Amino acid sequence: MGVEKEGILWLVGTPIGNLDDITLRALNVLKKSDVILAEDTRRIMKLLIHFDILNKHTFSLNVNNQSRQIPGILKLLDEGKTISLVSDAGMPVISDPGNELVEACINNAFKVDIAPGPSSVSTAIALSGFPGSHYTSFGFIPRGKNRRRLFRKLAEGLYNDSLIVFFDSPYRLKGTLKDWLDIVDDRLCFVARELTKVHQEIYKGRVSELISHFEDDKILGEITVVMSGISEPKEDK
């Protein structure tokens, strides 16, 4: 891999909702960065302005352009620049773009460091009351037949010993829960909406209960779902 060069890439965790959740270290890293890479530059600008971090060069790095952007980023690092990578919310790379850039930096002997921050996965697990020693995160759950195909695999018991965590659209949540009930089982489930934000709401109950709860409600906001581990054994009939 060779000797590490002067440039450095920082992975910076940003709040998943409440701006007060940002860390002092994250703020210090952003302040000393020459360039900030973000999925959506408009969103990171709101955070930078809120914390009075001004006159920063911000560039877009998303799933569609990251391969094209990497050569230019490596050139900046070769010039000794300090570059920060942030996602729209939470930790970069986790269900967000960035892994290709990290790998390219490592392969080209540029230093990579991290200022960790909030995660909707760990936040939801902690709030759920489920034991959090083992969990499997699937990121954003697929839709339609791909979702049902995944649930059929889960019904085979591959992940019975761990919590199942995933993100979902508020417009698809009811369909997701109905598919789970039809294909997997009626285990305990935790649903969090708008974590850490002003309108945060949490719900816990059997999948069937939550389907009934959401039936007449208009669901809005970002959704994180935690399914309990092994379900209770069904009674013999």
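## Helix pair H3 and H4

Helices H3 and H4 pack with their axes 10 Å apart, at an angle of about 40 degrees; axes are lines fitted to C-alpha atoms, for helices over the stretch in contact, and angles run from 0 to 180 degrees between N-to-C directions. Helices (H or I, at least four residues) and strands (E, at least two) are DSSP runs numbered from the N terminus. The model is predicted: local features need pLDDT of at least 70, side-chain atom pairs count only at pLDDT 80 or more, and totals for chains, interfaces and linings use all residues. Residues are numbered from 1 along each chain as its sequence is written, and side-chain values use heavy atoms, with hydrogens and water left out.

On the H3 side, Gln66, Ser67, Ile70, Ile73, Leu74 and Leu77 make the contact (heavy atoms within 4.5 Å). Helix H4 contributes Asn99, Glu100, Leu101, Ala104 and Cys105. By class, this contact has seven nonpolar, three polar and one charged residues.

## The sheet

Five strands form an open, parallel sheet in the order E3-E2-E4-E1-E5, where pairing requires at least two DSSP bridges between two strands. Strands E3 (57–60) and E5 (111–115) are at the edges with a single partner strand each, so one side of each lacks a neighbour in the sheet. On average, neighbouring strands are turned by 25 degrees against each other, direction ignored.

Strand E1 (residues 8–12) pairs with E5 in the parallel sense over five bridges. Trp10 stands opposite Asp113 in E5.

## Helices on the sheet

Helix H4 (residues 99–107) packs on the sheet and touches E1, E2, E4 and E5, its direction making about 150 degrees with that of E1. Helix H3 (residues 66–78) lies across E1, E2 (35–38), E3 and E4 (82–86), and runs at about 140 degrees to E4.

Definitions and conventions:
Ala, Val, Leu, Ile, Met, Phe, Trp, Tyr, Cys and Pro count as nonpolar, Asp, Glu, Lys and Arg as charged, and the others, Gly among them, as polar.
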